[in-house]
Amino acid sequence: MTHALMTDQLQAVLDHLDLNRDERIQRLDSLLRLPSISTDPAHNADVRAAAECCAEMLNASGIATEIRNTTGHPMVVGHADGPEGAPHVLYYGHYDVQPPDPLELWDSGPFEPVIIEGENGPKIVARGAADDKGQLMMFVEALRAWHDIHGSFPIRITVLLEGEEESGSPSLDPFLKANADELRPDVCIVSDTGMWDPKTPAITTMLRGLVYLDVTLHGPSHDLHSGMYGGAVVNPLNELAQILGSLHDADGRVTIPGFYDDVLETDSEQLAQWDSLDFDEAAFLGSAGLKKSTGEVGRTVLERIWSRPTLDINGITGGYGGEGAKTVIAAEASAKFSCRLVANQCPETIERNLKDWLEARTPEGCHWTIHGHGCNPAIHVPSESPWLAAAQQGLEKIWNQPGMLIGCGGSIPVVGSFQTILGADSLLIGFGLDDDRVHSPNEKFDLSCYHGGTRSHAAVMAAIAGVSGG
Ligand code: BES
Ligand code: MN
Ligand code: MN
């Protein structure tokens with residue numbers, strides 16, 4: 001197909017998208033109403049309902065889609081043929097969400113979406129609005145619009161929607177391995193990351209990895225009166241607090257032996273590119289209600305979140321947390337903590353070192369139970385490829401500028417699995433913003449991002465259709 005013809009085809013799709021905005025918000029609303037919390041077995045039926053909702057929408061978009069069972073939550077898999085020899089793109093998103101807790105901090109029901117005015121115009125507020133239902137709906141809607149207008153697609157398409165991303169994707173690798181021949185694309189498009197700012201799109205080329213531990217320190221056989229026993233027996237909460245408190249030194253560095261051994265220093269060229277991005281530190285910190293960044297001394301904020309490993313405690317529980325006071329020595333104390341990892345660090349080694357470090361510090365009279373929640377390495381995707389160049393063309397068409405090439409402090413394990421199991425690289429093209437409150441109460445997605453992102457997926461698809469030799 002000629003370039004001019006493709007441009008006309010795209011324009012017709014963009015015009016259509018501009019005319020059916022309300023309908024597209026309605027469909028997003030219906031998906032957001034389903035509480036598909038993957039980590040909580042009480043919501044298994046809701047997770048399946050969300051899979052069914054996605055499959056129905058894909059089938060209505062010209063993508064032949066089925067729900068495929070796994071030992072965990074189901075996968076939604078769809079296919080559509082493209083012209084002979086056209087590139088094959090796998091679109092990925094996740095239809096599961098994080099738990100909405102703490103519920104009392106929401107201004108409206110987490111699964112009762114509302115559209116209200118935000119800093120950048122109207123926004124839709126609900127759990128999953130930005131992570132990831134709003135983002136997966138952007139490509140689903142771009143595909144639907146293309147199909148509605150032209151009756152076919154300019155590329156060959158596979159869609160894979162997962163329902164376990166927020167709980168560590170246990171079924172994903174086995175599923176990819178079992179279905180590699182069916183799924184293997186030329187390139188994947190992962191719709192689960194952010195923009196640089198509300199007017200500047202981004203393509204993420206670096207993700208951090210993750211190691212997550214859940215630990216409990218057990219002491220006395222049962223809870224004790226803190227007057228009768230206090231001072232004479234071990235208190236697991238006191239001990240755990242001390243141990244957790246020594247995970248960092250005064251310079252903000254993690255004290256686990258070997259933690260930084262394999263970390264590569266960011267080269268000066270990369271640091272210079274990050275400097276040139278004109279990162280608005282005040283706005284970034286302001287979106288968290290803060291003024292000053294904290295972390296490893298001598299590092300910029302972008303280094304701290306994109307290229308340095310971290311350890312953060314995610315939760316501490318134990319003892320009495322109810323109303324008033326209770327004088328008690330609890331029998332056990334628990335914590336959840338996780339490390340974000342960077343390129344070249346081995347997650348299994350870090351996990352081993354963490355466990356050894358804890359065991360070596362077992363207080364007398366205590367023992368640990370330690371449970372790991374998975375190990376994922378950091379990911380780098382090539383920042384030069386014909387796919388990325390095409391994606392940039394598409395983004396430029398919509399935003400009048402190409403995407404910034406950025407890092408991301410978060411983790412998306414599927415990107416590593418696509419590389420190792422399917423042998424395919426990913427384009428991480430997402431439209432979230434730092435102030436979306438993902439994983440937090442009052443999560444939102446700006447409608448300007450939703451519409452711009454949907455238009456972008458159409459434009460990127462058109463540009464990829466022009467890439468040959470896939
Ligand atoms: N979409 C996020 C990853 C992300 C976070 C991208 C921030 C861009 C900015 C994803 O859903 C997520 O939350 N991933 C988890 C992975 C974990 C559960 C294995 C994460 O990063 O904590
Ligand atoms: Mn996500
Ligand atoms: Mn998430």
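This is a predicted model: local features need pLDDT of at least 70, side-chain atom pairs count only at pLDDT 80 or more; totals for chains, interfaces and linings use all residues.
For Glu 165, a polar side-chain atom is placed 2.7 Å from an oxygen atom of ligand 1, while a polar side-chain atom of Asp 131 lies 3.0 Å from an oxygen atom of the ligand, and for Glu 166 the corresponding distance from a polar side-chain atom to an oxygen atom of ligand 1 is 3.2 Å. Taken on its own, ligand 1 has 520 Å² of accessible area, of which the protein covers 80%.

A further element of the model is an open sheet of three strands, arranged in the order S4-S5-S18 with antiparallel pairing. Its edges are formed by strand S4 (114-118) and strand S18 (444-446), each of which pairs on one side only. On average, and with direction ignored, neighbouring strands of this sheet are turned by 35 degrees against each other. Between S4 and strand S5 (residues 121-125), the antiparallel pairing extends over five bridges, and Glu 117 has Pro 122 in S5 as its bridge partner. Helix H14, which spans residues 447-465, packs on the sheet and touches S4, S5 and S18, and the direction of H14 makes about 60 degrees with that of S18.

Notes
Residues are numbered from 1 along each chain as its sequence is written. Chains are lettered from A and ligands numbered from 1 in the order in which they are written. Side-chain values use heavy atoms; hydrogens and water are left out. A polar contact is a pair of N or O atoms within 3.5 Å; within protein, one must be able to donate a hydrogen and the other to accept it, and residues adjacent in sequence count only if both atoms are side-chain atoms. Accessible areas come from the Shrake-Rupley method with a 1.4 Å probe; for residues, only the protein chains shown count as cover. Two strands pair if DSSP finds at least two bridges between them. Helices (H or I, at least four residues) and strands (E, at least two) are DSSP runs, numbered from the N terminus. Axes are lines fitted to C-alpha atoms, for helices over the stretch in contact, and angles run from 0 to 180 degrees between N-to-C directions. Contact means heavy atoms within 4.5 Å.
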